[in-house]
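Please walk through this protein with me, from the overall fold down to single residues. Keep the viewer open as you read.

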Amino acid sequence: ATNRAMTHLFYLCGEHCLSGWNSNQMTLEEIERQAAYNLRHSFAVVGLLHKTNDFYDMVTQRVAYMNTSLNPEVKGGRHGTSKRIESKRCKEIYEDPDFQAKVLEKSPAVAAMVRLYKIAVEVNEFQTKELAECSASFAAN
C-alpha cells in the first residue's frame, strides 16, 4: 500500500518530487504539501474515479477543443474486481474503521493520500460549481 501511495503522490507532485525524494532532499510532508498545491492550482480538471463520466464532461467543458463525446465507447464503469467470496472478504476488511486506522498509522504515505483525496473532492466540487456557473452565464449571453 505504501509503494502504491508513493507512486500516486509522485504523480500529483511532479518529477522534481521524485528526484527530491530519491536524493533525500524532500520529505514526505514537503511532497504532500506540493501535491496539495498542485491539486488546487495546477490541474484544469480534477476528476474522481467514482464520477468518471462527470470528469469527461468537465474536460469537454473546460477545454472545448477536447470534445470527449467523440469517443462514445469510453464510459465510466464499475471496478473490475470479481464478485468472488475472497473479494467480498477483502472489501469487508478494508471497510472496517479499525483496520483503516491501523493502515493510516503504519503508512504515512497512505495517510497523505487520504488527506489529498479529501482535497481532490473539494477541488472537484469547486470546479463543478464553477463550470456550471460559466455555462449558465454563457447561455444567458
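**A walk through the helices**

Glutamate 32 has its place in helix 3. Helices (H or I, at least four residues) and strands (E, at least two) are DSSP runs, numbered from the N terminus. This is a predicted model, in which local features need pLDDT of at least 70 and side-chain atom pairs count only at pLDDT 80 or more, while totals for chains, interfaces and linings use all residues. Residues are numbered from 1 along each chain as its sequence is written, and side-chain values use heavy atoms, with hydrogens and water left out.

Stay with glutamate 32. It counts as buried because its relative accessibility is 15%. Buried means under 20% relative accessible area, exposed over 50%, and partly exposed in between (1.4 Å probe, protein chains only). Which residues does glutamate 32 contact, leaving aside neighbours within four places in sequence? They are Ala112, Arg115 and Leu116. Contact means heavy atoms within 4.5 Å. Cysteine 13 is 19 residues away from glutamate 32 along the chain, yet their C-alpha atoms are separated by 7.4 Å.

Now step back to the whole protein. It has seven helices and zero strands. Along the sequence the pattern reads α-α-α-α-α-α-α. Of the 141 residues, 26% are buried. Take the contacts between residues at least 6 apart in sequence: 55% of them join residues at least 24 apart.

Next, confidence. pLDDT is the predictor's confidence in each residue, from 0 to 100. The protein averages 86, and 82% of the residues score at least 70. Helix 3 has the highest confidence, at 96. Helix 4 (residues 52-62) has the lowest, at a mean of 82.

Helix 3 also has a packing partner. The axes of helix 2 (residues 15-22) and helix 3 (residues 28-41) come within 10 Å and cross at roughly 175 degrees. Axes are lines fitted to C-alpha atoms, for helices over the stretch in contact, and angles run from 0 to 180 degrees between N-to-C directions. Helix 2 and helix 3 are therefore roughly antiparallel. Angles under 35 degrees count as roughly parallel, over 145 as roughly antiparallel, 65 to 115 as roughly perpendicular and the rest as oblique. Which residues meet here? Helix 2 brings His16, Cys17 and Trp21, and helix 3 brings Leu28, Ile31 and Gln34. By class, this contact of helix 2 with helix 3 has four nonpolar, two polar and no charged residues. Ala, Val, Leu, Ile, Met, Phe, Trp, Tyr, Cys and Pro count as nonpolar, Asp, Glu, Lys and Arg as charged, and the others, Gly among them, as polar.

The loop between helix 2 and helix 3 holds asparagine 24. Is asparagine 24 buried or exposed? It is exposed, with a relative accessible area of 72%. Its phi is near 55 degrees, a positive value in a residue other than glycine.

A disulfide joins cysteine 13 to cysteine 17, with an S to S distance of 1.7 Å. A disulfide is a pair of cysteine sulfur atoms within 2.5 Å. The count by this rule is one. Cysteine 13 and cysteine 17 are both buried. Cysteine 90, by contrast, is partly exposed, with a relative accessible area of 29%.

Move on to another helix pair. Helix 5 (residues 85-95) and helix 6 (residues 97-106) pack at an angle of about 70 degrees, with their axes 5 Å apart. That makes helix 5 roughly perpendicular to helix 6. Ile93, Tyr94 and Glu95 of helix 5 make the contact with Pro97, Phe99 and Gln100 of helix 6. By class, the contact has four nonpolar, one polar and one charged residues.

Proline 108 lies in helix 7 (residues 108-140). At 46% relative accessibility, proline 108 counts as partly exposed. Not counting residues up to four places away in sequence, it touches Leu28 and Arg115. The C-alpha atoms of proline 108 and threonine 2 are separated by 7.9 Å, although the two are 106 residues apart along the chain.

Finish at lysine 51, in the loop between helix 3 and helix 4. Lysine 51 counts as partly exposed, at 30% relative accessibility. Its C-alpha atom is 10.0 Å from that of asparagine 124, 73 residues apart along the chain.
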